[in-house]
Amino acid sequence: MSAQPQLAEGAGEIGAPERALGGTILVVEEVSLAFGGVTALSDVSFDVREHEVRAIIGPNGAGKSSMLNVMNGFYQPQKGVIRFRGREFHGMKPYEAARMGIGRTFQNIALFRGMTVLDNVMTGRSLKMHRNFFLQALRLGPAMHEEIEHRRAVEEIIDFLEIQHIRRTPVGRLPYGLQKRVELARALAMEPTLLLLDEPMAGMNLEEKQDMCRFVLEVNDHFGTTIVLIEHDMGVVMDISDRVVVLDYGRKIADGTPDEVRGDRAVIDAYLGVAH
Amino acid sequence: MMHLLYSIFVDPFVQMGAAPDLLAQTLWEGLVSGILYSLIALGFVLIFKASGVFNFAQGIMVVFSALTLVGLNEHGVPAYLALAITLVVMLGLAFAVERVILRPLVNQPEIILFMATFGLTYFLIGVGELIFGGDPKVMISDQLRLPSGSYRIPMAGGYVQMQKIDIAATVIASLMVAALAILFNRTRIGRALRAVADSHRAALSVGISLEQIWVIVWFAAGVVALATGIMWGARSNVSFALQIIALKALPVLILGGFTSIPGAIIGGIIIGVGEKMGEFYWGPLFGSGIESWLAYVIALVFLLFRPQGLFGERIIERL
Amino acid sequence: MFYREVGQYKTSYAADEALFPILQDKIGIAVILLVAFVGVPLTASNFTLDSILIPILVFSLAATGLNLLTGYTGLLSLGSAGFMGVGAYACYKLATFFPGVNIVVLILCSGFFAAAVGSVFGLPSLRIKGFYLAVATLAAQFFLSWCFIRVAWLYNYNVSASIEVPTKTLFGLPVTGPTATPVTRYLIALSIVALLTLLAANLMRGRIGRAWMAVRDMDLAAELIGIRLYQTKLLAFAVSSFYCGVAGAMMVFLWLGNAESESFNINQSFLILFMVIIGGLGSLLGSFLGAALIWGLPIVLRAAPAYFGIRIQSATVEQSTFVILGVLIILFLIVEPHGLARLWQIGKQKLRVWPFPY
């Protein structure tokens with residue numbers, strides 16, 4: 001039905017660093033999603049390999065965010081199945097997705113506005129903090145140790161994303177670009193196996209985009225995190241992704257390396273708005 | 001155990017069937033108090049629809065308007081003139097509220113505006129008591145030519161007694177609802193009101209004057225409050241205790257939705273009837289006085305099945 | 001200038017995460033505690049203790065409880081007085097069943113009963129959100145009020161349907177009941193409040209506090225990073241009700257000496273909500289400031305005419321208090337909707353840069 005290119009081990013794309021790709025980590029199989037009368041996704045199938053950077057692109061309204069929301073457990077598809085690490089999930093709850101190691105950032109930024117940057121990123125460690133209620137209240141020994149240990153981990157992420165100077169600023173006061181970075185930090189704090197990024201570069205200028213690209217690639221490189229991202233900037237997509245899925249009106253119209261996709265007739269038509 | 005189950009699930013219905021005249025009486029009483037609840041809820045809905053503010057002071061506005069009417073009359077002002085003056089007072093109150101509370105707080109989150117109406121409540125309680133004194137007063141039903149006395153309708157071995165004032169209340173409430181429905185849906189002003197309810201910013205950007213709309217809406221709510229005060233005061237006295245009754249409007253709003261006028265009526269009737277039936281037929285099981293919380297529990301149970309209320313819009317969360 | 005933090009470097013995460021990391025704050029809190037524990041008992045009159053300080057302590061604790069639920073977790077509750085009542089009646093029954101046990105232990109235990117009841121009424125929070133949830137708490141409030149009259153077992157079948165506090169001693173001194181002095185009652189109340197506030201502060205700084213705030217700010221996102229909404233919300237209800245319950249027990253045993261159903265009615269719930277909002281949602285300091293203002297203001301207003309030698313009828317004073325309170329609330333919300341705590345923060349900021357304007 002669609003091209004499933006075999007990527008030679010170690011082969012990269014133009015601009016993308018050499019990277020060893022693993023086996024398939026996520027399979028999306030014939031997923032269909034509708035809201036009332038509106039179809040968001042229609043029989044979409046593709047796979048994601050471990051350690052790769054997979055881009056989902058398409059014109060506005062193609063269903064890209066909905067796809068990510070399904071992968072996150074936020075929306076339940078009417079049809080189709082998602083398999084993560086071999087485990088099938090039907091009706092997965094967002095909490096379970098988080099537990100399984102899937103992290104996420106959002107198009108419209110879903111930070112906790114009442115809290116500082118540090119606190120926001122610390123919430124990302126929630127799954128890893130276990131000390132019970134009474135120890136927390138007394139803040140003795142084990143609870144204190146746990147807090148410090150996770151603070152240390154969070155500080156590393158803060159260093160990595162270069163946001164030390166705004167540690168104690170309430171996130172509501174930060175400019176858009178920095179908020180996106182903080183959101184990325186929070187997702188990273190979960191130490192996810194799979195990271196879903198919804199338009200991480202949206203609304204940024206060239207310099208900010210370059211920074212963000214650098215961070216995304218470093219995350220993929222350094223931590224081996226598999227990345228699925230939605231992005232509109234073709235330059236970025238061509239530059240950093242290993243493979244690309246193209247959606248249009250909720251259907252998949254192309255799937256392959258950036259080069260293959262760039263030359264695909266259907267993709268060009270979709271973006272140029274040819275009637276179909 | 002069986003006895004308990006029997007007395008909860010079977011016995012009340014047996015009682016209902018055994019004395020249909022009592023059943024009819026209870027239903028009627030429930031309907032009437034339900035209509036009055038819906039009138040209070042209507043005031044809430046008006047203000048919420050147009051300004052997004054949950055007006056906690058609606059209850060005290062009911063009392064305050066009734067007190068003004070009665071107080072003026074006590075000082076010798078003829079009934080209908082007093083009515084006119086009270087309407088002017090409520091208009092003045094609407095202006096004052098818009099100027100002093102709504103305008104300075106225009107972009108604040110809803111809870112702040114809600115708290116401001118708390119402040120308004122305390123203010124009106126204090127002013128009302130200072131001017132009119134704290135004693136309960138008698139509504140000037142005669143002077144207003146409101147019907148008194150009652151009809152007795154024979155039924156199934158007994159009779160049902162319907163107070164004429166209650167029938168009048170039902171009629172007046174229906175007229176009011178019809179008038180408001182027409183106002184909202186058919187007039188230019190109504191469209192502006194709905195626009196403001198949706199988004200202040202968008203309404204401003206198409207040139208709708210928020211201030212004007214708010215004054216209109218608070219005045220309308222004031223008129224509804226006055227009507228409620230008159231009706232309620234005619235059945236029992238006008239006192240500050242009435243203010244707490246306004247809280248009963250909350251379950252009504254939950255059932256009917258916060259922005260639906262027909263919802264307020266239907267919700268009111270359901271709560272009124274449910275409450276009266278519950279108190280009469282199931283009350284003795286628990287000991288008396290379950291009316292004080294039954295309405296809330298009814299609303300709560302409804303919410304568990306439909307978290308957006310009966311008429312509310314389904315909340316679709318988007319991220 | 002007075003509040004400059006420059007030069008105070010933290011060399012460990014533990015130091016950075018301390019409750020009062022800045023030296024001026026440490027000194028400040030030490031002074032406050034000194035005054036509260038030593039200065040006040042030595043100098044305050046019985047009237048001040050009984051009518052001003054002890055009630056403020058009681059309400060601060062209740063306001064803290066409500067703040068945990070409404071300010072930090074974003075779940076509006078109109079039932080705090082009801083939960084106070086649960087704590088009060090629970091303490092009364094415990095004192096009846098276990099006359100030999102230390103009263104402080106009983107007061108703290110009664111909080112658990114309130115927590116249990118609070119959790120039950122928090123169960124709807126899975127399905128119901130925001131303002132609608134507030135109605136569930138209203139149901140709780142009215143139902144509990146009704147129980148306090150109807151369930152005669154609660155007040156030991158007393159004919160007047162009220163509860164009276166027996167005399168209890170601690171280290172030989174009477175601490176509750178008619179013979180207890182205001183000073184002893186004040187010190188016990190102060191200790192309980194200080195301890196529970198410390199625990200609350202610790203909770204807020206850690207995983208649980210962050211989870212609560214995350215639920216308040218954007219519960220969908222909280223779920224997506226792995227926070228379990230239902231457990232978090234229920235915990236908030238439980239802890240909040242615990243604090244309100246202890247406050248209720250304190251109110252009866254350490255302040256009023258008696259109570260009946262009306263002592264825990266809906267108006268009290270609104271009063272506590274005011275305290276939280278005026279003091280500052282989401283601020284422990286705010287709970288104290290709000291309680292002090294809302295409780296203290298009417299007292300000041302009542303005493304003012306006599307102080308200035310003006311003659312006014314007491315009923316008029318009461319009513320004027322309502323008017324002034326109403327106006328103040330509105331004024332406050334216009335000027336500083338984030339409450340007294342925010343004003344305090346602004347003040348500290350001014351102290352930081354003084355004598356410069358910014």
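Between chain B and chain C the count is 0 salt bridges, a salt bridge being a side-chain nitrogen of Lys or Arg within 4 Å of a carboxyl oxygen of Asp or Glu. The model is predicted: local features need pLDDT of at least 70, side-chain atom pairs count only at pLDDT 80 or more, and totals for chains, interfaces and linings use all residues. Residues are numbered from 1 along each chain as its sequence is written, chains are lettered from A and ligands numbered from 1 in the order in which they are written, and side-chain values use heavy atoms, with hydrogens and water left out.

**Chain B with chain C**

- The contact (heavy atoms within 4.5 Å) takes 45 residues from chain B and 39 residues from chain C.
- About 4000 Å² is buried between chain B and chain C, 82% of it on carbon and sulfur atoms; buried area is the accessible area (1.4 Å probe) that two parts lose on being put together, summed over both.
- On the side of chain B that touches chain C, α6(B) gives the most, with 15 residues; helices are DSSP runs (H or I, at least four residues), numbered from the N terminus.
- That side of chain B divides into 34 nonpolar, 8 polar and 3 charged residues. Ala, Val, Leu, Ile, Met, Phe, Trp, Tyr, Cys and Pro count as nonpolar, Asp, Glu, Lys and Arg as charged, and the others, Gly among them, as polar.

**Chain A with chain C**

- Chain A contributes 37 residues to the contact and chain C contributes 28 residues.
- The buried area between chain A and chain C is about 3100 Å², with 64% from carbon and sulfur atoms.
- The interface of chain A and chain C has 1 salt bridge, in which the side chains of A:Glu147 and C:Arg210 meet (3.1 Å, N to O).
- The largest share of the side of chain A that touches chain C comes from α5(A), with 6 residues.
- By class, this side of chain A has 19 nonpolar, 8 polar and 10 charged residues.

- C:Cys91 is in no disulfide, and the nearest cysteine sulfur, that of C:Cys109, is 8.9 Å away.
- C:Cys91 counts as buried because its relative accessibility is 0%; buried means under 20% relative accessible area, exposed over 50%, and partly exposed in between (1.4 Å probe, protein chains only).

Note on methods:
Helices (H or I, at least four residues) and strands (E, at least two) are DSSP runs, numbered from the N terminus. A disulfide is a pair of cysteine sulfur atoms within 2.5 Å.
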